[in-house]
Every structure is written in structure tokens, then in C-alpha cells.
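Q: I've got a structure open and I'd like to learn how to read it, one feature after another. Can you walk me through it?

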Amino acid sequence: KAPVSSFQMARTETTMWQYGMYCEANGKDIQENQTKAWGGIRGNDPVILVSWHDAARYANWLSKQCNLDTVYIFTGDDFKETNYAARGYRLPTEVEWEYAARGGPAREVFEYAGSNDLDSVGWYRENSGSRTHPVAGKKANSLGLYDMSGNVREWCGDWYSEYPATFPANYRGPDSGSRRVLRGGCWNDLDLAGYCLPAYRNNFFPYIRYDDYGFRLAFV
């Protein structure tokens with residue numbers, strides 16, 4: 001039995017071009033979301049320097065453009081709660097992310113998301129040239145999902161905690177916390193500790209932005 005109910009996952013990480021439309025519509029500066037040393041914006045690279053809150057606000061904005069419900073509830077600048085009953089775009093839960101990275105019902109036995117060879121599916125420190133790369137430039141997994149073993153770490157919807165002893169169906173993490181989950185490895189990772197494996201977990205404060213943090217969206 002699948003650990004999650006049916007859902008849809010974006011084939012790629014959200015790109016600079018996609019996030020740029022949100023910035024343009026809301027008077028934000030996309031220049032803030034790139035590393036100047038990299039020589040300017042490349043539109044099909046994954047967006048970087050986005051906090052969890054940035055990603056949640058982008059999901060809400062995209063939902064509104066599509067006449068869908070907004071999932072994340074903010075009061076001013078303060079995040080209040082996630083309404084999982086809403087039908088709109090959101091960040092995948094940690095369980096959804098790993099299920100998708102491993103090929104969903106196909107349950108791929110590969111070491112990485114789509115292959116045993118990291119070079120064929122992911123951008124990491126040894127092949128990235130110390131920067132991001134356009135999405136979908138490497139091999140996809142069996143679900144047609146790209147870059148789930150590298151390029152940028154991806155924010156998930158969950159608060160971070162140690163795993164429970166048993167997982168209920170559609171596990172969404174604890175109700176509160178101080179850090180949010182990140183998955184997927186990134187352009188700056190060595191693979192010495194398995195950072196690009198589908199099972200590797202990372203976490204950080206939801207207001208933090210780094211040049212190896214990005215996201216992709218899910219939809220139910």
C-alpha cells in the first residue's frame with residue numbers, strides 16, 4: 001500500500017523564470033535570488049535564495065492565478081498554519097517527496113533518484129562547476145521527475161522532527177517546530193555522506209535563504 005494518497009508533483013524544481021513572474025507581479029527584485037558571481041540569471045536554472053516562507057507565498061500566489069484555494073495561511077508577515085484540506089499548490093510533504101524520488105509505485109531500487117550513477121541524474125560538487133544548472137538537464141526517474149538527487153535542496157512542507165516509531169498514512173510531520181525539512185542534495189554537496197540519496201534528510205529555519213536552497217511544488 002502506498003504511504004500517501006494520490007498527488008501530483010512538479011517535474012522540475014521551480015525555475016528562476018517561473019519565480020520571476022511572481023516577483024514581477026509583486027514588486028520584488030529577482031536579482032536578489034541569484035548569486036552575482038555566477039554571471040547573471042539563467043531563466044531555466046532552479047530559483048535559489050528562497051526561504052520556506054518565500055516558497056509558501058509563491059505557492060499561494062500561483063494558486064490564486066489558477067483560481068484555486070490557498071494552502072498557507074499568513075497574518076501579515078507571520079505564518080499561521082497549513083490548510084491541507086485546501087485544493088491548491090503547496091510544497092510536498094517529506095513522505096510525498098521521498099515516495100516520488102523513489103519512483104512512486106515502481107519503487108525503484110536505484111541508489112539515487114533514477115539511477116545508481118549520480119553523474120547521470122544529478123548536479124553535485126564534482127560535476128556542477130560550483131553552481132546550479134538548467135532543470136531537466138540530467139536523466140529523469142521512472143516518474144519523469146528531474147533533479148531529485150542534486151542541483152538544489154528542496155524545501156518540504158513539514159516541520160522537522162525525528163521520525164515516529166510507526167508512520168500513519170499521509171504523514172505530515174509534527175504540528176509545530178522551529179525548522180523545516182529539506183530534501184534532495186545540491187550542487188555544492190560531496191556525496192561522501194550520501195547527501196544526494198533519496199533518504200537523506202536536512203533541515204533549517206524557515207526564514208533562511210541559501211544559494212543551494214530551492215523548491216518544487218505539489219498539487220492534490
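This is a predicted model: local features need pLDDT of at least 70, side-chain atom pairs count only at pLDDT 80 or more; totals for chains, interfaces and linings use all residues.

Q: Is Ser-149 buried or exposed?
A: The cut-off for buried is under 20% relative accessible area. Ser-149 has a value of 0%, so it counts as buried.

Q: What do the polar atoms of the Ser-149 side chain reach?
A: Look at the backbone of two of its contacts. The side chain of Ser-149 reaches the backbone nitrogen of Ala-113 at 2.9 Å. A polar atom of that side chain also lies 3.2 Å from the backbone oxygen of Cys-196.

Q: On to helices. Which residues of H1 are buried?
A: First the general idea: an α-helix has 3.6 residues a turn, so residues three or four places apart point the same way. Now the case here: H1 covers residues 16–25, and its buried residues are Met-16, Tyr-19, Gly-20, Tyr-22 and Cys-23. Seen down the axis of H1, these fall within an arc of 160°, so they line one face of the helix. Trp-17, Glu-24 and Ala-25, on the other side of H1, are exposed.

Q: What covers the buried residues of H1?
A: The cover includes helix H2 (52–65). H1 and H2 pack at an angle of about 80°, and their axes are 11 Å apart. That angle makes H1 roughly perpendicular to H2. On the H1 side the contact is made by Gln-18, Tyr-19, Met-21, Tyr-22 and Ala-25, and on the H2 side by Asp-54, Arg-57, Tyr-58 and Trp-61.

Q: What follows H1?
A: Gly-27, with a positive phi near 70°.

Q: How do I read a sheet? In what order do the strands of the open sheet stand?
A: In general, strands of a sheet pair through backbone hydrogen bonds, either parallel or antiparallel. In this model 3 strands form an open sheet in the order E1-E9-E4, with antiparallel pairing. Strand E1 (8–9) and E4 are at the edges with a single partner strand each, so one side of each has no neighbour in the sheet. E4 pairs with strand E9 (residues 218–219) over 2 bridges.

Q: Where is Arg-90, and what stands opposite?
A: Arg-90 is found in strand E4 (residues 89–90), and it stands opposite Ala-218 in E9. With a relative accessible area of 5%, Arg-90 is buried. Its side chain makes a polar contact with the side chain of Glu-96 at 2.9 Å. Leaving aside neighbours within four places in sequence, the residues in contact with Arg-90 include Ala-59, Val-71, Tyr-72, Tyr-84 and Leu-217.

Q: One more pairing: how many bridges join E2 to E3?
A: Strand E2 (residues 72–75) and strand E3 (residues 78–82) run antiparallel and are joined by 4 bridges. E2 and E3 form a hairpin with 2 residues between them. In that turn, Gly-76 has a positive phi of about 65°.

Methods. Residues are numbered from 1 along each chain as its sequence is written. Side-chain values use heavy atoms; hydrogens and water are left out. Buried means under 20% relative accessible area, exposed over 50%, partly exposed in between (1.4 Å probe, protein chains only). The arc is that of the directions from the helix axis to the C-beta atoms. Contact means heavy atoms within 4.5 Å. A polar contact is a pair of N or O atoms within 3.5 Å; within protein, one must be able to donate a hydrogen and the other to accept it, and residues adjacent in sequence count only if both atoms are side-chain atoms. Two strands pair if DSSP finds at least two bridges between them. Axes are lines fitted to C-alpha atoms, for helices over the stretch in contact, and angles run from 0 to 180 degrees between N-to-C directions. Angles under 35 degrees count as roughly parallel, over 145 as roughly antiparallel, 65 to 115 as roughly perpendicular and the rest as oblique.
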